[in-house]
Amino acid sequence: MNTKSVKQLLFITFLSIYFCITTAAEAALPPYVEGQALPSLAPMLERSMPAVVNISTSTNITVSENPLMQDPVFRQFFNIPDQQLRRQQRNSLGSGVIIDSKQGLVLTNNHVIDKADTITVTLNDGRQLAAKLIGTDPEADVAVIQIPVDNLTMLPIADSNQLKVGDFVVAIGNPFGLGQTVTSGIVSALGRSGLGIEGYEDFIQTDASINPGNSGGALVNLRGELVGMNTAIIAPTGGNVGIGFAIPSNMAMTIKESLVKHGEVRRGLLGVTTQDLTPELVKAFNLKNIQGAAISRIESNSPAAKAGLEPGDIIVSANGRPIKNSHDIRNIIGMMQIGDKVELEYFRGNEKKQVTAIIGKHELPRLAGNQLHRSLQGALLSTSLKNQIEGVLIEKVDTASGAWRAGLRPGDVIISANRYRVRSIEELKQIVDPNGPLLINIQRGQEGFFVVLK
């Protein structure tokens with residue numbers, strides 16, 4: 001066979017393989033019948049998109065200057081004329097979801113509207129409406145705002161407990177201020193917690209693209225029902241990498257009910273401190289079960305103490321929901337109200353037990369500083385719940401007291417005393433010698449320092 005014949009044969013073989021591959025690929029496509037519409041999400045989105053809004057906020061902030069310039073004595077001494085405080089306006093963008101068209105209620109993230117002086121909602125049809133704040137829950141990053149009721153569209157709410165990994169979902173929001181945008185993906189994981197993003201975490205993870213500006217927007221199923229509120233991303237490069245998180249609709253709506261009713265979330269108290277089970281703890285407690293939350297501390301006179309729970313007990317279930325780690329029990333209790341009952345299953349040793357506890361009210365014990373140490377006279381102390389910093393909060397300080405002269409200020413948190421970690425007034429009492437020197441470690445905002453009291 002000559003060279004020309006070989007080339008012709010190779011060309012014919014190539015065409016045969018090409019057409020076989022092409023035919024096979026085309027055969028895998030969804031069948032299309034002339035006159036029928038192609039499969040599309042458009043009909044669902046036409047119903048859903050009008051319920052998702054863009055949110056813009058403006059906040060007036062005071063430009064910081066040297067503290068001396070704010071001292072009237074300093075200004076008078078150097079004959080510096082009075083100046084008005086310089087202010088700047090900070091703007092931000094986000095998204096929201098209309099969840100009640102009759103009351104004009106819009107669900108969004110707390111961080112979208114946090115400290116905003118004005119909140120403006122832009123509807124899908126271009127209308128711009130002034131919104132008022134109904135309530136916020138910073139710990140779960142949920143907020144509810146209200147707009148005038150005028151021909152609004154709301155999203156139906158789905159039961160997020162029915163979601164499964166692999167379900168298709170669609171994210172709707174306002175990324176980078178571009179305007180309403182839709183992305184699609186699947187549920188990548190459920191019950192994500194321990195990420196340190198929020199105080200209470202039970203996230204839906206999705207690979208539907210979520211970017212800055214999507215916060216507060218809707219995560220919907222293929223029926224156009226709200227299954228989650230887009231909240232956060234993991235973005236090592238600053239943009240979407242396919243790991244986004246949404247607050248489940250059930251959790252968001254539970255918080256919404258409390259915000260609408262009270263303007264805040266009145267979380268109850270069980271009175272336990274828990275930690276995750278490690279292989280070392282499983283071995284030390286001689287456990288067969290390797291999932292649960294180990295009770296490391298019980299607050300005195302708390303619902304947990306009244307129910308008979310003890311340090312070393314391993315909680316494995318709460319209201320029928322399995323407990324895998326300490327975040328699970330914290331999330332469940334954090335969504336309950338004062339007076340609610342919680343059915344707990346736990347192990348004490350290898351014996352499985354059940355108990356019912358009634359969620360109580362957070363009672364902050366307070367103590368006058370002079371009852372603890374003479375150098376703390378003029379200070380009022382309480383257990384800190386500030387930004388999740390465990391310690392003893394200095395609520396008030398008399399400006400004429402020795403505590404003030406020592407440098408203590410309202411809002412300071414004592415996190416250690418005489419080099420021992422303290423998390424409550426009771427622990428501080430056990431450490432302090434009323435007649436001896438006192439070394440305390442203070443947390444003030446992002447700063448930490450030591451103060452010696454004699």
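**Overall make-up and aromatic contacts of the predicted model**

Of the 454 residues in the protein, 41% are buried, as computed from a model that is predicted. The secondary structure of the protein consists of 10 helices and 25 strands.

Aromatic rings were then considered. A pair of such rings is described by the distance of the centres and the angle of the planes. When the whole structure is searched, 1 aromatic pair is found. This pair is formed by Phe203 and Phe245, whose ring centres are 5.6 Å apart and whose planes meet at 45 degrees, so the arrangement is classed as tilted, given that the tilted class holds the angles left between stacked, under 30 degrees, and edge-to-face, over 60. Because Phe203 belongs to strand 9 (residues 203-206) and Phe245 to strand 12 (residues 244-248), the pair ties together parts of the protein that are 42 residues apart in sequence. Phe203 has a relative accessibility of 2% and therefore counts as buried, the limit for this class being under 20%; Phe245, at 2% relative accessibility, likewise counts as buried.

Charged side chains placed over aromatic rings were also examined. The charged end of Arg330 sits over the ring of Tyr200, at 4.2 Å from the ring centre, while Arg409 lies over the face of Trp404, with a distance of 3.6 Å to the centre of the ring.

Conventions. Residues are numbered from 1 along each chain as its sequence is written. This is a predicted model: local features need pLDDT of at least 70, side-chain atom pairs count only at pLDDT 80 or more; totals for chains, interfaces and linings use all residues. Side-chain values use heavy atoms; hydrogens and water are left out. Helices (H or I, at least four residues) and strands (E, at least two) are DSSP runs, numbered from the N terminus. Buried means under 20% relative accessible area, exposed over 50%, partly exposed in between (1.4 Å probe, protein chains only). Rings of Phe, Tyr and Trp (its six-membered ring) pair if their centres lie within 6.5 Å; planes under 30 degrees apart count as stacked, over 60 as edge-to-face and the rest as tilted. A charge sits over a ring if NZ of Lys or CZ of Arg is within 6 Å of the ring centre and within 35 degrees of the ring normal.
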